[in-house]
Every structure is written in structure tokens, then in C-alpha cells.
Amino acid sequence: MSLLGPLVGLSMGFDAINAEQNSGTLTRLLAQPIYRDDVINGKFLARLFILALMTFALGGFVAGMGIILTGVAPEGEEIIRLLIYLLLSVVYMAFWLALSMLFSVVFRQTATSALSGIALWLFLTIFLPIFAGMVADTLYPITDKADALTQLNNIRIAQGISRLSPSTLYSEAAITILSPSVRTLGPVLMEQAYGAIPGFLPLGQSLLLIWPHLTGLIAGTVIIFGITYTLFIRQEIRA
């Protein structure tokens with residue numbers, strides 16, 4: 001989902017606006033007594049509904065197949081964790097949907113908007129973590145004589161830059177919510193781990209861990225769609 005989810009979101013929004021502009025149907029649509037904000041809101045919400053329907057349908061299908069194959073029915077907390085994971089996946093794909101619609105408003109050609117979305121997805125998913133490691137090694141190089149504080153700062157810098165990518169936020173949040181054994185998302189010192197009792201985190205504690213990730217994805221989606229909304233409202237559309 002971390003790799004294929006963005007492609008689904010990008011494929012559903014890269015031609016949302018410019019395809020209708022090129023075919024001339026957008027001019028005919030706006031010639032009717034329809035507000036511009038209704039057009040852009042309807043395009044985004046309709047595609048978001050399709051993403052949510054598809055995600056929850058596939059999640060229900062996979063859960064049903066798992067019950068049939070294993071013969072073990074999930075408990076209440078496990079069902080809630082699955083629903084939260086599916087909701088997180090919808091928010092993750094909604095981010096890329098909003099980004100693709102932004103490119104659809106900015107660029108007139110559908111091929112340009114599609115390639116721009118794919119290029120940004122490749123950068124945020126593949127190249128940003130590599131860049132984060134390079135920056136961390138430059139600021140806090142790991143050598144044979146490096147102390148624990150230097151290693152800790154190296155990990156924190158790399159992790160902080162990597163979290164600028166929505167793919168990293170989604171991956172960390174998905175692992176935390178699906179695996180109760182995950183108790184932290186950052187480096188842990190030996191003195192912190194000493195004496196800790198192994199166990200599983202309750203649902204509330206797992207939600208506290210992923211709350212910044214979920215908030216970041218929602219905020220990014222809202223900001224990008226807000227920019228798309230503003231540009232579309234101010235855009236000059238002629239026949």
C-alpha cells in the first residue's frame with residue numbers, strides 16, 4: 001500500500017481539470033448555473049469516496065479470507081485497529097489525490113501533470129530517505145570513535161528528514177497500528193530499555209504514537225487541496 005497507494009491517488013486526479021479544459025467540457029459546465037467551488041469540491045469528494053469504498057472493500061475481503069483460511073475470528077480491538085488502518089490508508093491516498101489535482105490545475109497537458117506527480121512520488125519515496133542519510137552522516141558522521149550521543153543525533157536527523165515524506169509517515173503509522181508490539185518509533189537507549197517489561201501496547205497508546213503522523217497527513221492534504229481550490233477559483237477559463 002505504501003508503494004501502490006500513491007499511484008492509485010495520482011491516477012485518479014492527474015486529469016481531473018486539464019482533461020476537461022482541453023476537451024472544452026469544462027467551459028460548458030461552468031456556463032451552467034454551477035459555482036466553481038462546487039465543481040472542484042465535487043471532483044475531489046467523488047474521487048475520495050471511490051478511494052474509501054475501494055479501500056474498505058478490499059480490506060473487508062482480505063479480512064474475510066484471513067478468517068476463512070485461519071479459522072480465527074478477530075477480537076474487538078483487532079477490528080478497530082484494522083478500521084483505523086484502512087482509514088489511514090484512505091487519508092494517505094487522499095494526499096496524493098489532492099497533489100495530482102493540484103498538478104492538473106497548474107499544468108494544461110495531462111501528460112505533464114501525470115509525470116510531475118510520478119516524479120515527486122519517486123523523490124519523496126525513494127530519494128528523500130537517501131538524502132536524509134547523507135545529511136545525517138555529514139552533520140554527525142558515524143566513525144569507530146563516535147560516541148552514543150553522536151549516533152543518536154545521526155539517527156534523529158535522518159529520521160526527522162525522512163518524515164517529511166508522506167510515505168514514511170504512513171509506513172510508521174501502519175506498522176504501529178497493525179502491530180501492538182511496536183512500542184516506540186524512535187531510537188531507544190540501553191538505560192531506557194533496561195528493566196522494561198515486554199508486552200503489547202493498548203489501542204490508546206498506539207494511537208498516541210501515530211497521532212502526529214495522522215495529523216501531518218491530514219494537514220498536508222488540506223493545505224494542498226486549499227492551494228488547488230484557490231488556483232482553480234482564480235483561473236481564467238475560456239472556450
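Visitor: Hi! How many helices and strands does the protein have?

Guide: This is a predicted model, and its secondary structure comes to 10 helices and 0 strands. Reading along the sequence gives the pattern α-α-α-α-α-α-α-α-α-α.

Visitor: What does the C-alpha trace span along its principal axes?

Guide: The C-alpha trace spans about 70 × 50 × 25 Å.

Visitor: And what share of the residues count as buried?

Guide: The protein has 239 residues, and 37% of them count as buried.

Visitor: How about contacts, what share join residues at least 24 apart?

Guide: If you take contacts between residues at least 6 apart in sequence, 80% of them join residues at least 24 apart.

Visitor: Let's look at helix pairs. At what angle do α5 and α10 cross?

Guide: Helix α5 covers residues 76-106 and helix α10 covers residues 203-234; their axes cross at roughly 20 degrees and come within 9 Å. Angles under 35 degrees count as roughly parallel, so α5 is roughly parallel to α10.

Visitor: Is that crossing left-handed or right-handed?

Guide: The crossing of α5 and α10 is left-handed. As for the residues in this contact, they divide into 24 nonpolar, 4 polar and 2 charged.

Visitor: Now α8 and α10. Are they roughly parallel or roughly antiparallel?

Guide: The axes of α8 and α10 cross at roughly 165 degrees and come within 9 Å. Angles over 145 degrees count as roughly antiparallel, and therefore α8 and α10 are roughly antiparallel to each other. The crossing of α8 with α10 is left-handed.

Visitor: Which residues make that contact?

Guide: On the α8 side you'll find Pro166, Leu169, Tyr170, Glu172, Ala173, Thr176 and Ile177. From α10 come Leu203, Ser206, Leu207, Leu209, Ile210, His213 and Leu217. Sorted by class, the contact of α8 with α10 has 10 nonpolar, 3 polar and 1 charged residues.

Visitor: Back to α5. At what angle does α1 pack with it?

Guide: Helix α1, residues 4-13, packs with α5 at an angle of about 35 degrees, and the two axes are 7 Å apart. The crossing of α1 and α5 is right-handed.

Visitor: Who's involved there, on each helix?

Guide: Helix α1 brings Gly5, Pro6, Val8, Gly9, Leu10, Met12 and Gly13, while α5 brings Tyr92, Met93, Trp96, Leu97, Ser100, Met101 and Ser104. By class, the contact of α1 with α5 has 9 nonpolar, 5 polar and no charged residues.

Visitor: Can we zoom in on single residues? Where is Ser89?

Guide: Ser89 is in helix α5.

Visitor: Why does Ser89 count as buried?

Guide: Ser89 counts as buried because its relative accessibility is 0%, and buried means under 20%.

Visitor: What does Ser89 touch?

Guide: Leaving out residues up to four places away in sequence, Ser89 touches Met1, Thr55 and Tyr170.

Visitor: How far is Ser89 from Glu172?

Guide: Ser89 and Glu172 are 83 residues apart in sequence, and their C-alpha atoms are 12 Å apart in space.

Visitor: Another serine, please. Where does Ser162 sit?

Guide: Ser162 is in helix α7, which covers residues 148-162. Ser162 counts as buried, with 12% relative accessibility.

Visitor: What lies 2.8 Å from a polar atom of its side chain, and what does Ser162 touch?

Guide: The backbone oxygen of Ala158 lies 2.8 Å from a polar atom of the Ser162 side chain. Not counting residues up to four places away in sequence, Ser162 touches Leu128, Pro129, Ala132 and Thr168.

Visitor: What about a loop? Where do I find Thr184?

Guide: Thr184 is in the loop between α8 (166-178) and α9 (190-193). Thr184 has a relative accessible area of 39%, so Thr184 is partly exposed.

Visitor: And how far apart are Thr184 and Leu82?

Guide: From C-alpha to C-alpha, Thr184 and Leu82 are 20 Å apart in space, and they are 102 residues apart in sequence.

Visitor: Last one: where is Gln235, and is it buried or exposed?

Guide: Gln235 is in the segment after α10. Gln235 counts as buried, at 18% relative accessibility. Setting aside residues up to four places away in sequence, Gln235 touches Ile17, Gln21, Arg36 and Val105.

How values were computed:
Residues are numbered from 1 along each chain as its sequence is written. Side-chain values use heavy atoms; hydrogens and water are left out. Axes are lines fitted to C-alpha atoms, for helices over the stretch in contact, and angles run from 0 to 180 degrees between N-to-C directions. Helices (H or I, at least four residues) and strands (E, at least two) are DSSP runs, numbered from the N terminus. Angles under 35 degrees count as roughly parallel, over 145 as roughly antiparallel, 65 to 115 as roughly perpendicular and the rest as oblique. A crossing is left-handed if the near helix is turned anticlockwise from the far one by less than a right angle, and right-handed if clockwise. Ala, Val, Leu, Ile, Met, Phe, Trp, Tyr, Cys and Pro count as nonpolar, Asp, Glu, Lys and Arg as charged, and the others, Gly among them, as polar. Buried means under 20% relative accessible area, exposed over 50%, partly exposed in between (1.4 Å probe, protein chains only). A polar contact is a pair of N or O atoms within 3.5 Å; within protein, one must be able to donate a hydrogen and the other to accept it, and residues adjacent in sequence count only if both atoms are side-chain atoms. Contact means heavy atoms within 4.5 Å.
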